[in-house]
Amino acid sequence: MAEAAAMPEAVSEIEERLRTLVKVMTTKAAIGQTPKELVWSLNKAKLYRYVATKPAHERHPLPLLLVFAIMNRPSILDLRPGHSFVEFMLDRGYDVYLLDWGTPGIEDKELRLDDYAMDYLPRAIRKLKAVSGVSEFSLLGWCIGGILTTIYAAMRPDDGLRNLLLLTAPLDFANREGLTFARWTDEKYFDVDKVLAAFGNMPGEMIDYGAKALKPVENYISNYCKLWDNLDDPRVVESWHAMNTWISDIIPMAGGAYRQLIVDLYRNNLLMKNEMIVFGEKVDLRRLRANLLTVIAEGDHITPPCQSETLIAKTGSQDSEVFRVAGGHIGMMAGSGARKQAWPHIDAWLAARSQ
Amino acid sequence: MREEKNGSEQSFDPFESFRGMRDAYLDVLSKTMIEAVNTESYAEATGAMLDSYLTASAPVREALEKAMVQTLQQLSLPSRQEVAALAQRFTNLEMRLDDMDAKLDGIVKDLEEDRKIRAKHYSEDALAVAMGKALRDLALASRQEVADLSKSIKNVESRIEKMGKNEAAPHAASSGPGEDRTQSLATKLNADRAPAPAQPAAAAQRSDQAHLSPKKTIAPIRMTARKTSEGKNPR
């Protein structure tokens, strides 16, 4: 009798789990919810200013501009309430701006890193200065956004950039043995021009596959096992749902920029050699004089530490620091430990240099 | 006895050991796979697969593209390339607008700085009074210029009117008996030198609006000048 009663209970539990699973797998979580206003746009790029949570007299005078990668949505910086880097920085009194590159169309296939770093970014910064009424500012670049901000900082050292924060920025491609991407995109095996001739832009699906194939078991199996095991834990489900929403919202990368990333950086490491040409001018990292904080994730398999830790020795910055945190490429800023490790350190470093 | 058995069954999770085994297996598999994808052979294999896919799909893709372009042409619809070219032009326009926006921002900034500099030397009230005075002077000067211009036009019109009358007088005189031509010329000369008589209201209004209808004003002047020339202007 008791066994018969337990059966429907077990069935209903499994049914509930399946319902949760279907919901999580087929719907999108609300991410990037912090209120913001559009202050500038050009082509697909948009500059947002987040609504301040502190009164003006309690805010730092220097605005902070977040520059994300060009092949992902920036909503990972503002994942969900209580787990948002943007929200954290607003509460710490920063005037936070976000540059969202948008989704490139086929008409943008010729856009290069030159255009992003030295045309769109300076224009957005000009608008930021006009809106904020300040002449100095701080820049935070994540991943490819780190490449763009580094190029900008080296080419426009007198443009008012006081602080540069680089998060998991792939800048040094010298250690080819340690870079799986470098091996995959070697010219012996990978014809970048043929791919771009076929698609124009680098398809988001291929970029997504590349990122996931670095750790195939974790991304294609373990991740779902973890969800299945915790379907009765709303906190885990909510977190997983938000992260999955961000990961599955893939966008292509402009063809010209992708070609440069592969040829100039992965294959020839031109940026670190001070030989990269942007709009006809060499990018000389010694001209980068802004205060510099490089944040490295020890477990980052997409941008291994060897790609970020060597920059400091190459720049002309008098105030630089490498900060290492546990976690992976995304977990470093969006994981459960981010609020305890990475974010407070970023705030402390920046606050001391934003007066 | 049964209750004890039920209690132990509730706390027992038959999947727990399965999960442990699964996780251990996945750990091993994960390490193996990470090593596998990080090899030259994997890079070569994926590169070859991608290359063969691109090679095999290229003819199909090209044929589809051609067919699509032809279909769109027949339907009088723009092709993908044309839409892309249009989008690029829009972006160029946006950039030019952004350039103008930058210039405007620069002007606003300069004005703001100028205002700050002035504010250092004048209080807000003094600045407002000074600006008000400057505007008033400008308005008065403009009004004076308009008045002068209006007066000049009136003089010209009255002279034209008089000359027109004097032109008509000799003809009338010559047709009448006993009229002296010398006297007629002296009368004309005196009339030219005499101060302008008060104009009728309609004439004054016309002279006020003269600047609004230049053709009406210019035509009589030309005609009068020609007549004067023919009639041997006494001057």
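# Why is it called that? A chat about a predicted two-chain model

Guide: Let's start with chain B, whose secondary structure comes to 8 helices and 0 strands. Bear in mind that this is a predicted model.

Visitor: In what order do the elements of chain B run from the N terminus on?

Guide: They go α-α-α-α-α-α-α-α. As for contacts in chain B with a separation of 6 or more, 65% are between residues 24 or more positions apart. Buried residues make up 3% of the 235 residues in this chain.

Visitor: How do you know where confidence in chain B is lowest and where it is highest?

Guide: Look at the mean pLDDT of its elements. Helix H8 of chain B (residues 214-230) is lowest with a mean of 40, while H3(B) is highest at 94. Averaged over chain B, the pLDDT is 73, and 64% of the residues score at least 70. Over residues 192-235 of chain B the pLDDT is below 50, and that stretch has 25 contacts in the model beyond near neighbours in sequence. Residues 1-8 of chain B also stay under 50, with 1 contact beyond four places in sequence.

Visitor: And what are the figures for chain A?

Guide: Its mean pLDDT is 93, with 98% of its residues at 70 or more. Among its elements, helix H1 of chain A (residues 2-26) has the lowest mean, 80, and strand S2 of chain A (residues 45-50) the highest, 98. For the model, the scores are ipTM 0.85 and pTM 0.76.

Visitor: How many residues does each chain bring to the contact?

Guide: Chain A brings 29 residues and chain B brings 29 residues. On the chain B side, helix H2 (14-37), H3 and helix H4 (80-121) each supply at least two residues. H4(B) gives the most, with 10 residues. Sorted by class, the side of chain B that touches chain A has 12 nonpolar, 7 polar and 10 charged residues.

Visitor: Helix H6 of chain A and helix H3 of chain B cross at what angle?

Guide: Roughly 30°, and the axes of H6(A) (residues 192-199) and H3(B) (residues 40-74) come within 11 Å. Angles under 35 degrees count as roughly parallel, so H6(A) is roughly parallel to H3(B).

Visitor: Which residues make that contact, and what is the handedness of the crossing?

Guide: The crossing of H6(A) and H3(B) is left-handed. From H6(A) come Lys194(A), Val195(A) and Ala198(A), and from H3(B) come Leu54(B), Ala58(B) and Arg61(B). By class, those residues split into 4 nonpolar, no polar and 2 charged.

Visitor: Over to single residues. What makes Arg112(A) count as buried?

Guide: The cut-off is 20 or more other C-beta atoms within 10 Å. Arg112(A) has 20 such neighbours, so it counts as buried. You'll find Arg112(A) in the loop between strand S4 (95-100) and helix H3 (113-132) of chain A. Leaving out residues up to four places away in sequence, Arg112(A) touches Gly256(A), Ala257(A) and Gln260(A). Arg112(A) and Gly256(A) are 144 residues apart along the chain, yet their C-alpha atoms are separated by 4.5 Å.

Visitor: Is Trp184(A) buried or exposed, and how do you know?

Guide: Trp184(A) has 22 other C-beta atoms within 10 Å, so it is buried. Trp184(A) is in helix H5 of chain A. Setting aside neighbours within four places in sequence, Trp184(A) is in contact with Tyr189(A), Phe190(A), Ala43(B) and Thr46(B). Trp184(A) and Gly210(A), 26 residues apart in sequence, are 9.1 Å apart C-alpha to C-alpha.

Visitor: What makes the phi of Thr168(A) worth a look?

Guide: Most residues other than glycine have a negative phi. Thr168(A) isn't glycine, and its phi is positive, near 45°. Thr168(A) sits in the loop between strand S6 (161-167) and helix H5 (180-184) of chain A. With 29 other C-beta atoms within 10 Å, Thr168(A) is buried.

Visitor: Phe279(A) also has a positive phi; what is the value, and why is Phe279(A) called exposed?

Guide: Its phi is about 50°, and Phe279(A) is not a glycine. As for exposure, the cut-off is 12 or fewer C-beta neighbours. Phe279(A) has 12 inside 10 Å, so it counts as exposed. Phe279(A) lies in the loop between strand S7 (277-278) and strand S8 (281-282) of chain A.

How values were computed
Residues are numbered from 1 along each chain as its sequence is written. Chains are lettered from A and ligands numbered from 1 in the order in which they are written. This is a predicted model: local features need pLDDT of at least 70, side-chain atom pairs count only at pLDDT 80 or more; totals for chains, interfaces and linings use all residues. Axes are lines fitted to C-alpha atoms, for helices over the stretch in contact, and angles run from 0 to 180 degrees between N-to-C directions. Helices (H or I, at least four residues) and strands (E, at least two) are DSSP runs, numbered from the N terminus. Angles under 35 degrees count as roughly parallel, over 145 as roughly antiparallel, 65 to 115 as roughly perpendicular and the rest as oblique. A crossing is left-handed if the near helix is turned anticlockwise from the far one by less than a right angle, and right-handed if clockwise. Two residues are in contact if their C-beta atoms, placed from the backbone, lie within 7 Å. Ala, Val, Leu, Ile, Met, Phe, Trp, Tyr, Cys and Pro count as nonpolar, Asp, Glu, Lys and Arg as charged, and the others, Gly among them, as polar. pLDDT is the predictor's confidence in each residue, from 0 to 100.
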